[in-house]
Amino acid sequence: MNKLFIFVFLALIATAFAVNNVKIQPEQPKNEGFLPLCMICSYVVDKVDDYLQAHTNTTQIVSMVEHDCQELQKSDWINKCDNIVSEYLGEIITLLEEKKSAEIVCKVITLC
Ligand SMILES: *[C@@H]1O[C@H](CO)[C@@H](O)[C@H](O)[C@H]1NC(C)=O
């Protein structure tokens, strides 16, 4: 009788975990290579901002930020980072010179 009780108890726990797993999975999609564009944008904009404060010219900023992009390790992230630099650097610099925050800059260029 006792053993049966324990068995039923364990079965209930197992069921609870199974149900929980089903609920949890959609919130943890299995795409480990995924880093949102928005975060990469903020990374780029922060770097550009630092270099602007140091009065670095645009040519230098391009090569320095492209170097920073390499730190993102994964080729997918590095490519996205490089694309942001090549497509939006001018706009990013203009917005930063207007004292816009990284958050606003990335919203304006529609990456956040
Ligand atoms: C940017 O600065 C570097 C180093 O000071 C200089 O060699 C280069 O000619 C400058 N480029 C522009 C476009 O001003």
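Gln73 is found in the loop that links helix 3 (58-69) to helix 4 (75-97). The model is predicted. The protein chain contains five helices and zero strands, and its elements follow the order α-α-α-α-α from the N terminus. Of the 112 residues in the protein chain, 21% are buried. Where contacts in the protein chain link residues at least 6 apart in sequence, 57% of them join residues at least 24 apart.

**Loop residues with positive phi**

- Gln73, a residue other than glycine, has a positive phi, near 70°.
- Gln73 counts as exposed because it has 9 C-beta neighbours inside 10 Å, and the cut-off for exposed is 12 or fewer.
- Lys99 occupies the loop between helix 4 and helix 5 (102-108).
- Lys99 follows helix 4 and has a positive phi, near 65°; Lys99, too, is a residue other than glycine.
- With 7 other C-beta atoms within 10 Å, Lys99 is exposed.
- As background to these values, most residues other than glycine have a negative phi.

**Helix 4: bend and buried residues**

- Helix 4 has a kink of about 70°, and the kink is centred on Tyr88.
- The buried residues of helix 4 are Trp77, Lys80, Cys81, Ile84, Val85, Tyr88, Ile92, Leu95 and Leu96.
- Helix 2, helix 3 and helix 5 are included in what covers the buried residues of helix 4.

- Val85 belongs to helix 4.
- Val85 is buried because 21 other C-beta atoms lie within 10 Å, where the cut-off is 20 or more.
- Apart from neighbours within four places in sequence, Val85 is in contact with Val44, Val62, Val65, Glu66 and Cys69.

**Helix 2 with helix 3**

- The axes of helix 2 (residues 37-53) and helix 3 are 10 Å apart, and the two helices pack at an angle of about 140°.
- Helix 2 is therefore oblique to helix 3, as an angle must be over 145 degrees to count as roughly antiparallel.
- Helix 2 and helix 3 cross in a right-handed sense.
- On the helix 2 side, Val44, Lys47, Val48 and Tyr51 take part, and they meet Ile61, Met64, Val65 and Asp68 of helix 3.
- By class, the contact of helix 2 with helix 3 comprises six nonpolar residues, no polar residues and two charged residues.

**Helix 3 with helix 4**

- Helix 3 packs with helix 4 at an angle of about 155°, and their axes are 9 Å apart.
- This angle makes helix 3 roughly antiparallel to helix 4.
- The crossing of helix 3 with helix 4 is right-handed.
- Helix 3 makes the contact through Thr58, Val62, Val65, Glu66 and Cys69, while helix 4 contributes Ile78, Cys81, Asp82, Val85, Leu89 and Ile93.
- The contact of helix 3 with helix 4 has eight nonpolar residues, one polar residue and two charged residues by class.

**Helix 2 with helix 4**

- Helix 2 and helix 4 cross at roughly 50°, and their axes come within 9 Å.
- Helix 2 and helix 4 are therefore oblique to each other.
- Helix 2 and helix 4 form a right-handed crossing.
- The helix 2 residues in the contact are Leu37, Ile40, Cys41, Val44, Val45, Val48, Asp49 and Leu52, and those of helix 4 are Trp77, Lys80, Cys81, Ile84, Val85, Ile92, Ile93 and Leu96.
- By class, 14 nonpolar, no polar and two charged residues make up the contact of helix 2 with helix 4.

Conventions
Residues are numbered from 1 along each chain as its sequence is written. This is a predicted model: local features need pLDDT of at least 70, side-chain atom pairs count only at pLDDT 80 or more; totals for chains, interfaces and linings use all residues. Helices (H or I, at least four residues) and strands (E, at least two) are DSSP runs, numbered from the N terminus. Axes are lines fitted to C-alpha atoms, for helices over the stretch in contact, and angles run from 0 to 180 degrees between N-to-C directions. Angles under 35 degrees count as roughly parallel, over 145 as roughly antiparallel, 65 to 115 as roughly perpendicular and the rest as oblique. A crossing is left-handed if the near helix is turned anticlockwise from the far one by less than a right angle, and right-handed if clockwise. Two residues are in contact if their C-beta atoms, placed from the backbone, lie within 7 Å. Ala, Val, Leu, Ile, Met, Phe, Trp, Tyr, Cys and Pro count as nonpolar, Asp, Glu, Lys and Arg as charged, and the others, Gly among them, as polar. The bend at a residue is the angle between axes fitted to the seven residues ending there and the seven starting there.
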